[in-house]
Amino acid sequence: MLNAEGTRFTPTKHAASVKFASERGIVPLKHHLIPRTKGFTASLPHLREKCPALYNIQLAFKSDDKV
């Protein structure tokens, strides 16, 4: 599983994400970090050799759900 943010959310990382977005004309996110794609892009050539398909699955949980 690949986490789009690639790291844990902290106030320092959020500030860096907002700066990154502002410098590139991207709308800053309030509660998430801007996704970084360098690792994913670097892995694509290797995935194409090994995997016949690549799926995007997003999960969401309500805060009152019992896990």
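Predicted model: local features only at pLDDT ≥ 70, side-chain atom pairs only at ≥ 80, totals over all residues.
Started with Lys19: I get 52% relative accessibility, so Lys19 counts as exposed, the cut-off being over 50%.

Next I asked which residue Lys19 pairs with in a salt bridge. The partner is Glu23, with the side chains meeting at 3.7 Å, N to O. I placed both in the chain: Glu23 and Lys19 sit in helix H1, 4 residues apart, which is about one turn of the helix.

Then I looked for anything else on Glu23. Its side chain also meets that of Arg24 in a salt bridge, 3.5 Å from N to O. Through shared partners, the salt bridges join Lys19, Glu23 and Arg24 into one network. How many salt bridges does the structure hold? I find 2.

**H1 itself**

I went back to the helix. H1 covers residues 11-23, 13 residues in total. From first C-alpha to last I get 18 Å, close to the 18 Å expected at 1.5 Å a residue.

Which residues of H1 are buried? My list reads His14, Ser17, Phe20 and Ala21. Looking down the axis of H1, I see these buried residues fall within an arc of 120°, so they line one face of the helix. On the face turned away from that buried side I noted the exposed residues Pro11, Thr12, Lys19 and Glu23.

H1 is followed by Gly25, and its phi is positive, near 70°.

**Whole chain**

Last, the totals. The secondary structure comes to 2 helices and 0 strands. The chain has 67 residues, and 10% of them count as buried. For contacts between residues at least 6 apart in sequence, I get 27% joining residues at least 24 apart. The accessible surface of the chain is about 6500 Å², and carbon and sulfur atoms account for 60% of that.

Definitions and conventions:
Residues numbered from 1 in each chain as written. Heavy atoms only, no water. Expected span 1.5 Å × (residues − 1). Buried < 20%, exposed > 50% of the residue type's maximum accessible area, 1.4 Å probe, protein only. Arc of directions from axis to C-beta. Salt bridge = Lys/Arg side-chain N within 4 Å of Asp/Glu carboxyl O. Contact = heavy atoms within 4.5 Å. Areas by Shrake-Rupley, 256 points an atom, 1.4 Å probe, with all protein chains shown as cover.
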